[in-house]
Amino acid sequence: MADSLSTLGSIATFLASSLSLPVGISGNLVIIVDMARQHVAQYTGVTIGSNSISENYQGAIVDFAKADLVDFLAMDGQGNISLSDLSVGGIDLNMTSDQYRKLGEMKLQALGKNYQFSQSLS
């Protein structure tokens, strides 16, 4: 990704513009991105700040946030999105959400986990 996606707000703005979302969803979008950041941090065992997200983690965070955003928009369960001037119908949003989630999982596995071991001297 890039330094331009190093904060929660910049990732939220990127998602809103790349998915052509209406402006009114931006508050929820930051929360969705933050939950994705926490998920990646918990999996990797690394502390990821909200204002200094390393380039290594940006891809996984973006993919998980996209998956969660699609789920959030499709809460009616019918595969239709209708928010102000945005209207998308007939798309299998669950499949799209699953694809983003699988992509995020692959990126997480590539990052690996941070394990810490200690030895007892007794």
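## A walk along helix H3

Let's start with Leu 69, a buried residue with a relative accessible area of 0% (buried means under 20%, exposed over 50%, and partly exposed in between, using a 1.4 Å probe and protein chains only). Keep in mind that this is a predicted model, where local features need pLDDT of at least 70, side-chain atom pairs count only at pLDDT 80 or more, and totals for chains, interfaces and linings use all residues. Residues are numbered from 1 along each chain as its sequence is written, and side-chain values use heavy atoms, with hydrogens and water left out.

Leu 69 lies in helix H3 (helices are DSSP runs of H or I with at least four residues, numbered from the N terminus). H3 has 19 residues, and 14 of them are buried. From first C-alpha to last, H3 reaches 27 Å, close to the 27 Å expected at 1.5 Å a residue (that is, 1.5 Å times one less than the number of residues).

At 4% relative accessibility, Asp 63 counts as buried. Leaving aside neighbours within four places in sequence, Asp 63 is in contact (heavy atoms within 4.5 Å) with Tyr 100, Leu 103, Gly 104 and Lys 107.

Now look at the largest nonpolar core, which has 23 residues (such a core is a set of buried Ala, Val, Leu, Ile, Met, Phe, Trp, Tyr and Cys residues joined through side-chain atoms within 4.5 Å). Helices H1, H2 and H3 each give two or more residues to this core, and the largest share, eight residues, comes from H3.
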